[in-house]
Amino acid sequence: MDLESIDSHFQEIENVENIPLDRKVLHLTTKQGSLDAKDLQFAYQKSPLYPSRSEWLLLAYRFFMAAGILLLMSGIVFFFAYNWGGLHKFAKLALVQTGIIAVASGLLFFKPSEFIIKLGLTTISVLTGVLFAVFGQIYQTGADAYDFFLGWTIFITAWVAISSFPFLWFFYLLLINMTITLYLIQVDGVSDQYTYYFVLTLINSIALGIWEYLIKANRQVWVHLLCIRIIGMFVISVLTVALTSVIFDHRSSGLSVILILFYLFWIVGGALYYVKKEKDISFLAMISISVLIIVNFMIVRFFDNSFDYISMFFFLSFLNIAATTILVINLMKVNKKWKLENKKTYE
Amino acid sequence: MNKIIKDTGLKDLLIAFKEEGIDPQLNLKKLREEYAVAKDNKAPVLVQVLMFIGSLIAAGFFLGFLGLCQFFESEILILILGVIITAGAIAIPYISKQNSSTEPLSLAALIVGSILIVIGYLSLGNFSTTVSLIISLLLSLVILFISASHLQKITAVYASNLSLFCLILDAEFMIGFNFLVLINASVVTFLLLKEPQVLSSQSRLGQWYDAILNGCSVSLIAVLIFSVNNRMYFDPQSMNTSFWWISSLLLIALVLWTLYETLELLGIKKQKIPLLVGVGIALMILIQAPGIISGILLLFLGLFSGYRIFSGQGILAIFFFTLMFYYNLNTTLLFKSMLMVGAGILFLALGYGIKRGSENQNI
């Protein structure tokens, strides 16, 4: 090895900024250097991209346990859906109840790790629903699907509360959504679509508020971030669809006005909250997409008598480019500013 | 081996190179310049979605405007305008040095230009759907290789997959879906497992990596969704669904390869064979659910390479395809439940084995 080139190279190293070694930097290092496959493999192994042995083993253990539980639960649910007539009714009930008792006993007496406890509570929660389904199937109780989901939701509340497991909370939220939607359909007999839009967005907005504000979800944990963003995306999507219906509906009702006000509250309030407090660029991007779509529909609806379609389409094509460009420039500026602030806080 | 240093930077890497006696002959000035450009233009995922949706809406309105102007009556003009707009769309990122503010315009222009080229060709009397799909495929591949814009490259990958999908449907060559699954899965697996080897042989390939990986992973899931369990498009009696085991076998091979490379990288020797055999058997039990196997592949690849988007996609795909497996028409619910329970027990056993092995320091 040429020591002079290494020494002169080393002098330069002192002046190099310690740019975080991500995939992009490794690609640029390859492009601007001359490394063979073995040296590049060394560089990748030195980077944070590849996991360490202990990290991979922990992740693999969690994956196998979680996937195993998921597949096992799915198998059990499929089995009862098969509606195997040859099995006595007491045997069917006993099988599910035995499963619940076995899992609960295992958690109490074997004192497993925290992750296994969370998976165990999730298993019990799913099996509770299976138990109610089997009960309803055997005794043909005539209960609505609403009663089934209501019972399921109520009976797992305690486990959800103690689990501290975001996936179970998310599943619980799905059950609440199903319960209330089915109540509106089957019990109240509501046919107005605006009611569904409003109720769904209200429930999930409250859930999001609880998750962000009361639970104070740790955004460094990817599971919390994923769940929060999925809920946010759902609320914004439903509100966008709702507003689109309102724009093109020639009837106006009290509920359509409420939906408009709720949408404006979400857009303005949500933008302020995610700019000032949480600094989450994803929510701002989702809000921007919604506003872009709604503005397009509003222009088409309210100016279709003022302009011919040729002029309107021409105008809208360039308006969308301009609006998207302005939104992107501003979002990128804000994102860059937040990254710098984070970096300074870290230093 | 493989100690993670979470805050490892370029300087640390250069010091490590020196200690190993490796001279990277790095052009630091150019690296800094390119890094600054990349950092300034790196857009979060949902901002990219905003760009894509905005461009799509703009392109739709512009094509509507052209349609209303009866522009489409002149075949030659459509073709010429299509070529000019497409060329302009490709030129914009080069001129602006991939500035993210020009992405909406360049992507909208690309969509408009590409559609005009295909319509122009069809208008010249060539009404064959097959030929128009082949032109779309070739155009997408050309754009993928010559475009400088990340979004244009991803769109080109989606467009080529869509063209291939439609070609298979048009030809009623249903077994072809398995090859489409194989192409996407193999590309993604090979590019991640052999990343250092690929880049060392062709150092400029780095600029295509993200686009191809993201494009192929989403296309893989989309092909599985719209060709397996999709009763809307396919008559279950006419479509020969019994060839789905081909996709599963290919995906199982890729999962095992990924697992093998991971165990080699981490120096896990003693438990390598039991792990590979256990996972192989569990996946063979799931042979009728290629969607679940594809989710496992993406998750393993994400864990191997630190590509977190793949880990997220893998988890969502596993949940989604487990749910969709309920509607699989190939077999009874009883058999499906036995398969799921069997695979579930095996996975639990593997998890328990890893925990015991770690505690006993056998792994």
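How many residues does the contact take from chain A and from chain B? The contact takes 87 residues from chain A and 91 from chain B. Two residues count as in contact if their C-beta atoms, placed from the backbone, lie within 7 Å. The elements that give two or more residues to the side of chain A that touches chain B include helix H1 (3-14), helix H4 (53-82) and helix H13 (309-346) of chain A. Helices are DSSP runs (H or I, at least four residues), numbered from the N terminus. H4(A) gives the most to this side, with 21 residues. By class, the side of chain A that touches chain B holds 55 nonpolar, 24 polar and eight charged residues. Here Ala, Val, Leu, Ile, Met, Phe, Trp, Tyr, Cys and Pro count as nonpolar, Asp, Glu, Lys and Arg as charged, and the others, Gly among them, as polar.

The model is predicted: local features need pLDDT of at least 70, side-chain atom pairs count only at pLDDT 80 or more, and totals for chains, interfaces and linings use all residues. Residues are numbered from 1 along each chain as its sequence is written, while chains are lettered from A and ligands numbered from 1 in the order in which they are written. The model scores ipTM 0.83 and pTM 0.83. The mean pLDDT (the predictor's confidence in each residue, from 0 to 100) of chain B is 85. In chain B, 91% of residues reach 70 or more. Over residues 1-5 of chain B, the pLDDT is below 50. This stretch has 14 contacts in the model beyond near neighbours in sequence. Where pLDDT is low, the predicted coordinates should not be read in detail.

Within chain B, the axes of helix H10 (residues 206-227) and helix H13 (residues 290-305) come within 10 Å and cross at roughly 165°. Axes are lines fitted to C-alpha atoms, for helices over the stretch in contact, and angles run from 0 to 180 degrees between N-to-C directions. H10(B) is therefore roughly antiparallel to H13(B) (over 145 degrees). Among the residues that make this contact are B:Leu220 and B:Leu224 of H10(B) and B:Gly291 and B:Leu298 of H13(B). The contact has five nonpolar, three polar and no charged residues.

H13(B) also meets helix H14 (residues 308-325) of chain B, with axes that come within 7 Å and cross at roughly 165°. H13(B) is therefore roughly antiparallel to H14(B). In this contact, B:Gly291 and B:Leu298 are among the residues of H13(B), and B:Phe310 and B:Phe321 among those of H14(B). By class, the contact has 13 nonpolar, eight polar and one charged residues.

How values were computed. Parallel < 35°, antiparallel > 145°, perpendicular 65-115°, else oblique.
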